[in-house]
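Here's a quick tour of the fold, strand pairing to salt bridges.

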Amino acid sequence: MNAPVTPEQQALLDRFVRDNKMFYAPDPAIMSNHKIEPRSEIEEKLLSGPVDPHKVNEVRGLVLAALDESHTMIEQMGAAPGAKWGDMTTAVFTASGDLTMIAPHGVGGFAAAVFYPIKFINKYWRNEPTVGVRDGDAFIHNDARYGGIHNTDQSTMMPIFWKGELVCWISATIHEGENGSTEPGGMPAAAESKYDEGLKMPPFRVVENFELKRDLVTFLQNSVRDPKLQLEDMKVRLHSCMRLRERIISLLEEHGEEALIVMLRKQLEDVVAEVRRRITELPDGITRMVSFADSTLREAALVKMNMALTVKGDTITVDMRGSSPELINRSINTNQASFKTMLYSSYMQNIWPDLPFTMAVFTPFDFIFDEKSLLNGSFDTPQAMSLIPLFKTMTIACIPMAKLIYGLPHRHTAIVAPQYDQPATLIYGGLTQHGEAVGNFCADINGMGQGGRSHLDGEHSVSPPFAAHCDLGEIELMEEDLPIVRLGAFTLSKDRAGFGKQRSGLGYEQIHTFRNSGLWGFMTGCSGSLYPSAMPLFGGYASPTYPLCKIKGVNVFDQLDRDPDGVEFDIVDLMNRQPIEGATYSTHPMGMTFELADPGELYMMCQGAGGGYGDVLQRDPERVMKDLDEDLISHATARDIYKVVYDEQNLIVDVAATAALRDSERNSRIARGVPYDEFVKTWTTPEPPQNLPFMGCWGEQDVVYGINVGKRVQMKGTALQSQFMLNPKDVEIASLKAELAALRAVPR
């Protein structure tokens, strides 16, 4: 019989395993834990006695002012396009890594994402002899698998020490864009593995003694297309953190570390208590929501997100089982930490916007995922275009939460239908007119149409769903730096709205071309051309679907030289009237991998609308007339959708005739209707139609469909298998070969 292992032997074995660990991959225990940490010993000591609320409020105000200042520094000095448009933030965390406060105008998801890598540093690097965490250090990170949204976002994280003890962490994050991926701009739709994604930085130290380590900076610059951008914004993020640190050190000198520690922890615990109270107000029960992306960015597919929200007591359980399986060679996977980060953004923007931006909001939440699902992707899946499911994540909770909140005597914000939830913009890359290599994305992503609200129409192109304070870029500034020329910009897209009692806000058209470059191209990373992106609420209409339109084979500037007034830069007019002679006109799904273009060729798409709120027959006819007067809708929409009778010349409503027409339509609805059980018999099928490229559950969540090597497969939700997609070029070649073989077989 073997002798028992002695404590000394076990200690030696543990040290050997620790010192010889092959790879510090993302820690599942960190990545699956969204709840705040238990109180530390010092927090327990300080909070077990009386707490001065006035002191807490004073310290909170000082930290908030410091965050606002550091955020403004990035906005004024940042080189990345995203920095100029508000796609960044600064934040403060407890010593254990819990997000406590963000800058008042920042992107909350960026700070929530840093929650995870800081906890990784605390667990693995702080006591690691070759790394450590010291005053004057700062760490860099961008790999979403260690916590993040996608790899275009780079974060700088700095510990703050006081009297030799770690008292808090601070961070600065910017959407940098270019990161050396297989396609320029950092969001490669064509990525077939994580090795196509460019920089994949787990958290590592890049600053010592408050100075960037130039050897590591050079390594990172050497890994991207735009080394100037990489250097500039590493400096910007560092100095933003140093300014934030300076303000917090001043706070510590004036008020002491105990005041800061108490405020940071109290902020978390007060939010947890308030969220539990609000959940208790809700009726116990389950509400459900289903949403689809209609593209993998390489081929059309209905990719399902399946949500069930269960309220019980003071806890909400978010059940995402039955969603699509992961795609091992497509870039649209995400992981559960990223999913939670963006769902958190949804709650903070649409459900409880009055609460402080802290991940403590989700401590009363539990989550359930299938392993190897699109939303809980494994470490080896590509996640460069995780925006496809994550943008939907920021809006899907609006519908089930609206149903739960609707009957409450007090609401903390207006009920709103989902905002447009696709990153509808062009990503670009190539050589500028100044001879510099660049790759990034346009700011059009920051002006999505809002959903209809319970008391008002949605705002036009108000913001992205991830941050209410982000803004659009200045076209003139963009054209100074880039060869891109915007020939159509910020024109609201007539009739392209979510109709309802309260209609959604409209999106706007984007018509891009370029000149003065011999090497330039575009790509997109968007779905919503075949299946609506933004769902409606309480009987409204969903957002329309939108194509990508191209006009190629000509240089539009030659046409403008010949006939300056002959072209109206309106997508519908251009595609229907086709005024540019000799051009090729085409429409496509909005997902497009990178392609080179010629100067003067047009790429056109539309920023979308949100979902409508309520029945169109309940819309005030005078508001329909106002929409007509502002050229937001057509006469056909007023007549056929809203059922309003009016004089088209003076827009005066015939009240009696409108009431009669609407009553007639209601009666027609009743006549068309059938009992629910009869409807189900004619509508539902045992499984998805064979011609439908469908991924996710069809009925019960424990049976999931996928597409593996071009064939439909069925699997248990508890045993999902990664799906391998065929190369679209191989599919097209096979189709052309079959067509050629059939032609050759015809007798001559």
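Strand β9 pairs with strand β10 (residues 315-319) through five bridges, and the two run antiparallel. Strands and helices here are DSSP runs (E, at least two residues, for strands; H or I, at least four, for helices), numbered from the N terminus; two strands count as paired if DSSP finds at least two bridges between them. Thr310 has Thr317 as its bridge partner in β10. The turn of this β9-β10 hairpin holds two residues between the strands, and Gly313 there has a positive phi of about 65°.

This is a predicted model, so local features need pLDDT of at least 70, side-chain atom pairs count only at pLDDT 80 or more, and totals for chains, interfaces and linings use all residues. Residues are numbered from 1 along each chain as its sequence is written, and side-chain values use heavy atoms, with hydrogens and water left out.

Four residues separate the strands in the β8-β9 hairpin, where Leu297 takes a positive phi near 75°. Strand β21 (residues 694-697) runs parallel to β9, with two bridges between them, and Met695 in β21 is the bridge partner of Val303. Why is β9 described as largely enclosed by the rest of the structure? Because 10 of the 13 residues of β9 (residues 300-312) are buried, where buried means under 20% relative accessible area, exposed over 50%, and partly exposed in between (1.4 Å probe, protein chains only).

Now for the packing. In soluble globular proteins, nonpolar side chains tend to be buried together. The largest nonpolar core here has 124 residues, and those with the most contacts inside it are Leu99, Tyr347, Trp352, Phe365, Met401 and Phe522. Helix α6 (residues 108-125) gives the largest share of this core, 11 residues. A core is a set of buried Ala, Val, Leu, Ile, Met, Phe, Trp, Tyr and Cys residues joined through side-chain atoms within 4.5 Å. Leaving out residues up to four places away in sequence, Met401 touches Leu282, Leu309, Ile316, Tyr347, Ile351 and Trp352; contact means heavy atoms within 4.5 Å.

On to the charges. The whole structure has 54 salt bridges, each one a side-chain nitrogen of Lys or Arg within 4 Å of a carboxyl oxygen of Asp or Glu. Here are three of them:

| Pair | Closest N to O distance |
|---|---|
| Asp143 and Arg145 | 2.8 Å |

Glu37 is partly exposed at 24% relative accessible area, whereas Lys119 is buried at 8%. Asp143 is buried at 4%, and Arg145 is buried at 4%. Arg503 lies in the loop between β14 (484-492) and β15 (508-514) and Asp627 in helix α16 (residues 621-629), so that pair ties together parts 124 residues apart in sequence. Arg503 is buried at 6%, as is Asp627 at 3%. There is also a network of salt bridges linking Arg39, Glu43, Glu44, Arg265 and Glu269.
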